[in-house]
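Morning, everyone. Please bring up the model on your screens. I'll start with the open spaces and then move to the rings.

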Amino acid sequence: MSPEHRSLLMRANRLLGANLVEANLVKIESLEAANERLLELVATDNPRQSTVLGILAYELKVLREEDVLQYVADERGVGLVDLRSYDLSEDLRKTLDLGACWATWTLPFDREEDMFFIATAYYLSPAVRTYWEKQLGGPIIWFGTTLEMLADAFEKIDTERSGNAPAKPAA
């Protein structure tokens with residue numbers, strides 16, 4: 001992971017954790033334990049594991065990812081999206097910075113004229129929203145989604161880019 005992406009990942013996770021505590025979704029003690037574990041995982045350079053949300057939900061089991069999605073939908077008015085049945089637009093797929101996607105657990109998945117549609121598991125992290133607003137430079141409609149759906153989408157894009165994707169039938 002590049003130093004830029006590592007810094008972004010740490011900032012995104014730190015601010016997400018602070019907002020999870022502020023929203024009373026986790027206790028500070030659980031967040032502290034998750035942050036320690038995050039540092040260990042970041043050192044292994046495994047982006048799929050490097051998420052404070054994943055650690056809280058799936059390792060420490062002190063939070064349900066569904067509760068976070070419900071909170072952002074109810075309290076922040078963010079829609080939810082199931083990426084499994086969505087084909088990423090080709091121009092986004094080609095130009096996407098996958099390192100930034102992994103660092104922020106966010107995926108710009110469509111564009112209509114100047115409007116971007118972005119799926120994220122990290123909506124509660126202001127660092128994530130600010131990063132993507134600066135990168136895309138246009139209006140954004142945010143959607144919440146799960147870590148698993150994002151990771152699967154990132155890995156699919158990476159596979160397609162590396163030329164290991166299954167051949168598409170001729171039209």
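The largest pocket has a volume of about 250 Å³. First, how the search works. It runs on a 1 Å grid over the protein atoms alone, and a pocket is an open set of points with protein on both sides within 12 Å along at least five of seven lines. A cavity is a set of points where a 1.4 Å probe fits but cannot get out, and lining residues have an atom within 4 Å of a point. Grid points are joined across faces, edges and corners, and a volume is the space filled by probe spheres set on the points.

Now the ground rules. This is a predicted model, where local features need pLDDT of at least 70 and side-chain atom pairs count only at pLDDT 80 or more, while totals for chains, interfaces and linings use all residues. Residues are numbered from 1 along each chain as its sequence is written, and side-chain values use heavy atoms, with hydrogens and water left out.

Which helix supplies the largest share of the lining? That is α8, with six residues. Helix α8 covers 147–161, and both β2 and α8 supply at least two lining residues each. Helices here are DSSP runs of H or I with at least four residues, strands are runs of E with at least two, and both are numbered from the N terminus. By class, this lining has eight nonpolar, no polar and six charged residues. Nonpolar means Ala, Val, Leu, Ile, Met, Phe, Trp, Tyr, Cys and Pro; charged means Asp, Glu, Lys and Arg; the others, Gly among them, are polar.

Next, the second largest pocket. It holds about 200 Å³ of space. Residues lining it include Leu-41, Arg-48, Tyr-58, Trp-105 and Glu-148. Helix α3 (52–59) gives the largest share, four residues. The classes here are six nonpolar, three polar and three charged.

The largest cavity has a volume of about 40 Å³. Among the residues around it are Val-68, Leu-69, Val-72 and Tyr-123. Helix α4, residues 65–76, gives the most to this lining, with three residues. The lining divides into six nonpolar, two polar and no charged residues.

On to the rings. How many aromatic pairs does the structure hold? Nine. Rings of Phe, Tyr and Trp (its six-membered ring) pair if their centres lie within 6.5 Å; planes under 30 degrees apart count as stacked, over 60 as edge-to-face, and the rest as tilted. Take Tyr-86 and Phe-109. Their ring centres are 4.8 Å apart and their planes sit at 85°, so this pair is edge-to-face. Why does this pair tie together parts that are 23 residues apart in sequence? Because Tyr-86 lies in the loop between β1 (79–80) and α5 (90–95), and Phe-109 in strand β2 (residues 106–112).

Are those two buried or exposed? Buried means under 20% relative accessible area, exposed over 50%, and partly exposed in between (1.4 Å probe, protein chains only). Tyr-86 is partly exposed at 32%. Phe-109 is buried, at 4%.

Now look at Tyr-123 and Trp-142. This pair is edge-to-face too, at 5.9 Å centre to centre and 70° between the planes. Tyr-123 is in the loop between β3 (115–120) and α7 (126–136) and Trp-142 is in strand β4 (residues 140–144), so the pair joins parts 19 residues apart in sequence. Tyr-123 is buried at 14%, and Trp-142 is buried at 10%. Arg-129 lies over the face of Tyr-123, at 4.8 Å from the ring centre. The test is NZ of Lys or CZ of Arg within 6 Å of the ring centre and within 35 degrees of the ring normal.

One cluster to find: Tyr-86, Phe-109, Phe-117 and Phe-143.

Last, the whole chain. It has eight helices and four strands. Of its 171 residues, 47% count as buried. The C-alpha trace spans about 55 × 35 × 25 Å along its principal axes.
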